[in-house]
Amino acid sequence: MTSAAPSDPSHRSPRADWTARDLAVLWHPCTQMRDHADLDGARVPLTPIARGEGAWLIDHDGKRYLDAVSSWWTNLFGHANPRIAAAIKDQLDKLEHVIFAGFSHEPGILLAEELLRVAPKPRPAPQGGKDRHLARVFYGDNGSSAIEIALKMSFHYWRNLGRQGKTRFIALSGGYHGETLGALTVTDVPLYRATYAPLLGEPIFVASPDCYEREAGEDWQAHSLRKLADMRAALERHAHEVSAVIVEPLVQCAGGMRMYHPAYITDLRKLCDEFEVHLIADEIAVGFGRTGTLFACEQANITPDFLCLSKGITAGFLPFSAVLTTARVYDAFYAEYTAGKAFLHSHSYTGNALACRAALETLAIFRDEPVIECNRALAQHLRERLAPLATHPHVAEVRQTGMIAAVELVRDKTTRAPFPASERRGLRAYRHALTQGVLLRPLGDVIYFMPPYVITLDEIDFMVDVAVKGIDAATTA
């Protein structure tokens, strides 16, 4: 009997079969699909996943991968978490979705109440106590839509107050806020801006307090506070035309996991008040325990005018987002219909009942279990395991904020000169880690760790050991 040719689909492994079928019909995000083209030797191997368990993903051939990046920073309590899954299943039998204009539902109401209960509180409370407290919740579909909501709401607020000239936004260099056009307008990632510049607005970019750029011997707090001078200068010049300043508190994630001190946010809040502009806190990636507190703004003891949440809000189960804002903002839209002041924003799946229920259960886990305390112990172990990399000849910096850690790879440690981007050194580390059963998706040549909170100490050891070998392999000439 003649054996079948290797290309015969009936003789492919399950993973190879699903890979071939995928590549025949799908277009993946943030991907040059040509990298996936060679099924046997692809520069970026495609990995169809069959199921997940805790911190692990399992492909169709049964190979396991430790999800060191929480599947794009969304997963908090493990894949297929039984508690959240059970809540969604229960909700499925009651209500999957209903139009959220003129209608409402229990999960949406309960979630808003709980979000406002746990949201960052002003310390000390302002005189009267009303204006700074977050008091209203507006739902969206994903992180980018949350940013769009906050930008539009801030602009529309000033318009309703008769200050039509306040139409621009200030953002930080190196910041990332999403890829819809409004969110991309305040994003400073050169690749995106160069490509889509004709479609974007004109923000004002201010130098980031990124502590990777600090002077020799300068600590994080001193550097971060020194960079406030740039923000003050921008506000002195542009406040009359600015609606809001938008920042990612403590960690600029997609910009390379660049980090800075909470004191910057503390004093930025004061500057925004002084110059009468809103403060938008994009906690889409850093919220829900990632930085060592439930929200990063807590470490700065401030409350923003708009708090944007997504990703971990449903612990990775369903797409969802929320924007929290103050009574002062809400009141600027509250008027007779004929005044034309209503907020003009809607999505078909706004306030989806299933997603609200998943988010409620996620917050219930934070309420019922010592998540933050356990995270701090995990973060300390991760810090200790990564510390030896500081002396690696091709590592410029090892940095960490809570459950987010990053290793910056460079060609020359002394000058911090980077590797040529065309060499794709980070990709080499990524490919090595996949062969060893760890999902690390670097940001250029920044190898980072943002694992689910259910990761164990032994799994952290495994993750770091694989990463260290991957870094060695990636930086070898």
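Is E241 buried or exposed? At 18% relative accessibility, E241 counts as buried (buried is under 20% relative accessible area, exposed over 50%, partly exposed in between, with a 1.4 Å probe and protein chains only). This is a predicted model, in which local features need pLDDT of at least 70, side-chain atom pairs count only at pLDDT 80 or more, and totals for chains, interfaces and linings use all residues. Residues are numbered from 1 along each chain as its sequence is written, and side-chain values use heavy atoms, with hydrogens and water left out.

**Salt bridges**

- The count comes to 33 salt bridges (a side-chain nitrogen of Lys or Arg within 4 Å of a carboxyl oxygen of Asp or Glu).
- Side chains of opposite charge can pair when their charged atoms come close.
- R15 and D59 meet in a salt bridge, 3.4 Å from N to O. R15 lies in helix α1 (residues 14-25) and D59 in strand β2 (residues 56-59), so the pair ties together parts that are 44 residues apart in sequence. D59 is buried, at 3% relative accessibility.
- Helices (H or I, at least four residues) and strands (E, at least two) are DSSP runs, numbered from the N terminus.
- R168 pairs with E241, with the closest N and O atoms 3.3 Å apart. This pair links distant parts of the chain, 73 residues apart: R168 is in strand β5 (residues 168-172), and E241 is in the loop between α9 (228-238) and β7 (242-247).
- R232 forms a salt bridge with E274, and their closest N and O atoms are 2.9 Å apart. Here too distant parts of the chain are linked: R232 in helix α9 and E274 in helix α10 (residues 262-274), 42 residues apart. R232 is partly exposed, at 30%. E274 is partly exposed, at 46%.
- A network of salt bridges links R83, E114, R117, E361, R367, D368 and E369.

**Second largest pocket**

- Its volume is about 830 Å³. Of the 34 lining residues, V137, F138, M153, Y330 and F343 are the closest to the centre.
- On a 1 Å grid over the protein atoms alone, where a 1.4 Å probe fits, a pocket is an open set of points with protein on both sides within 12 Å along at least five of seven lines; lining residues have an atom within 4 Å of a point.
- Grid points are joined across faces, edges and corners, and the volume is the space filled by probe spheres set on the points.
- α4 (106-118), β4 (134-140) and β12 (321-326) each supply at least two lining residues.
- The lining divides into 20 nonpolar, 10 polar and 4 charged residues (nonpolar: Ala, Val, Leu, Ile, Met, Phe, Trp, Tyr, Cys and Pro; charged: Asp, Glu, Lys and Arg; polar: the others, Gly among them).

**Nonpolar surface patch**

- L181, Y196 and L199 make a nonpolar surface patch of about 300 Å².
- Patch residues have over 30% relative accessible area and no salt bridge; nonpolar side chains (Val, Leu, Ile, Met, Phe, Trp, Tyr) are joined within 5 Å, like charges within 9 Å. Areas come from the Shrake-Rupley method with a 1.4 Å probe; for residues, only the protein chains shown count as cover.
- L199 sits in the loop between α7 (190-196) and β6 (204-206). L199 is exposed, at 54%.

- E397 is in strand β13 (residues 395-401). E397 is buried, at 7%.
- D35 lies in the loop between α1 and β1 (49-53). D35 is buried, at 8%. D35 and L151 are 116 residues apart along the chain, and 35 Å separates their C-alpha atoms.
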